[in-house]
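Welcome, and please open your viewer. We will go from stop to stop, selecting a few residues each time.

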Amino acid sequence: MHELVGALRSYAWGSRTALAQLCGRPVPSAHPEAELWFGAHPADPARIRLDGRSASLLEVVAADPKRELGSVAPAFGGRLPFLLKILAAEEPLSLQAHPSAEQARAGYERENHARVPLDSPLRNYRDENHKPELVVALERFEALAGFRDPKRTVKLLHALSVPELAPYAELLGAQPDSDGLRTLFTTWITLPQAMLAMLLPKVLDGCVRYLKQSDDESPVTAKEFVAEARTTLELAEAYPGDAGVLAALLLNRITLEPGQGLFLAAGNLHAYLRGMGVEIMANSDNVLRGGLTPKHVDVPELLRVLDFEPLELPIVEPQARDDGEFVYRTPATEFELRRFELSADAEPTRILDGGPGIILCTAGTARLRQGADELGITPGSAAWISAADGPVRARATGEAAQLFCACVSGR
């Protein structure tokens, strides 16, 4: 058991306060702080404190995968199969999706054959892995995720009362299924700039009218799409003239309350809007973007990987166990995430029977014990548990503490 120091990532959509406050650093930070990575991803591995020195977790695992990963090492090529993060979004992230394992392998080989450098901003596939992911809200967390039931989307388009949207509503209404969604999404995301410049302002005017009506003494039904209309206006302000603003009208608008999770499998179009959460994913950095970003956008490749099947709200409610433990079940084989709410003066709670695993503190303070070793952790700090380590227990050292434990799925 060793202290694990996360790698801080700065992106324009990050927050100058959220991560700094969590970790007890001065506010505001000098730059927007978007993510804190706890893992062994080559792009930015976390660091382990070993006998007074610091070492990359990536190098430690690579040097002795059998000791660090144990029996799961062969199944994942001697690499830690998951990446744990704290994410803090002040502004919307890009409209994006992740490939399946088969798509990732093919894309990686294709770009290697084309000799696209791994660090090129034009590169889509930086590894051969897929990227299922789960985010758990630490505060209210807003997102767009998965294509909405087409019938509700037709209802939304009619509710905005924009004559220019009528042909598109008719198109989807005539084929309210995945094929209809594919046709409409493809049409919108590839609109010529001149047509987009004419249509988008009309849609934004419709959103403004809808919100004004919803503020009046109007029926409850008139308030059904308030969140969608507001989000459309916010996205248009952040990314004026972007076709992704139109595409966002097709997605489920989701609000997570603290403790709720959102799971996204391959091909699900999504965009996180704002909030802070703990995120765990397969150890990959493959992202296909379709808009709402200054980064590389590759619409043809995005269309190749997208799953257009309508998605019911993919919210994951945790399963409660004894001793304040909550488990987030997903189909992913690379990871499992557990949350622990530790009460003051309670008996030490068994957190992990053995590694590989990462224990992350997000509130309060706690003390971990593994054999004769003890380690204190505070918000924003973590511990690496290798396969050679035995069971780990934890107790709150203040009034209460919140811990997350990331490990390989036991399924």
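Predicted model: local features only at pLDDT ≥ 70, side-chain atom pairs only at ≥ 80, totals over all residues.

You will find zero disulfides in the structure. Select Cys-361 together with Cys-23: the sulfur of Cys-23 is the closest cysteine sulfur to that of Cys-361, yet it lies 10.0 Å away, too far for a bond. Cys-361 is buried, since its relative accessible area is 0%. Next, pick Cys-405, whose nearest cysteine sulfur belongs to Cys-407 at 4.9 Å; Cys-405 is in no disulfide, as the cut-off for one is 2.5 Å. Cys-405 also counts as buried, at 0% relative accessibility.

Now select Arg-289. UniProt, in an unreviewed entry, places the feature "active site" here. Arg-289 sits in strand 13, which covers residues 288-291. Is Arg-289 buried or exposed? It counts as buried, because its relative accessibility is 17%. Show its surroundings too: beyond its neighbours within four places in sequence, Arg-289 is in contact with residues including Ser-94, Gln-96, His-296 and Asp-298.

The last stop is charged pairs, and the structure holds 20 salt bridges.

- Select Glu-33 and Arg-25: their closest N and O atoms are 3.0 Å apart. Glu-33 is buried at 8%, while Arg-25 is partly exposed at 32%.
- Select Glu-336 and Arg-338: this salt bridge has its closest N and O atoms 2.9 Å apart, and both residues are buried.
- Select Asp-353 and Arg-350: here the closest N and O atoms are 2.4 Å apart. Asp-353 is exposed at 53%, and Arg-350 is partly exposed at 39%.
- Finally, select Arg-110, Glu-301 and Arg-304, which salt bridges with shared partners join into one network.

Conventions
Residues numbered from 1 in each chain as written. Heavy atoms only, no water. UniProt positions renumbered as here; feature names shortened; annotations may be inferred. Helix = DSSP H or I, 4+ residues; strand = E, 2+ residues; numbered from the N terminus. Buried < 20%, exposed > 50% of the residue type's maximum accessible area, 1.4 Å probe, protein only. Contact = heavy atoms within 4.5 Å. Salt bridge = Lys/Arg side-chain N within 4 Å of Asp/Glu carboxyl O.
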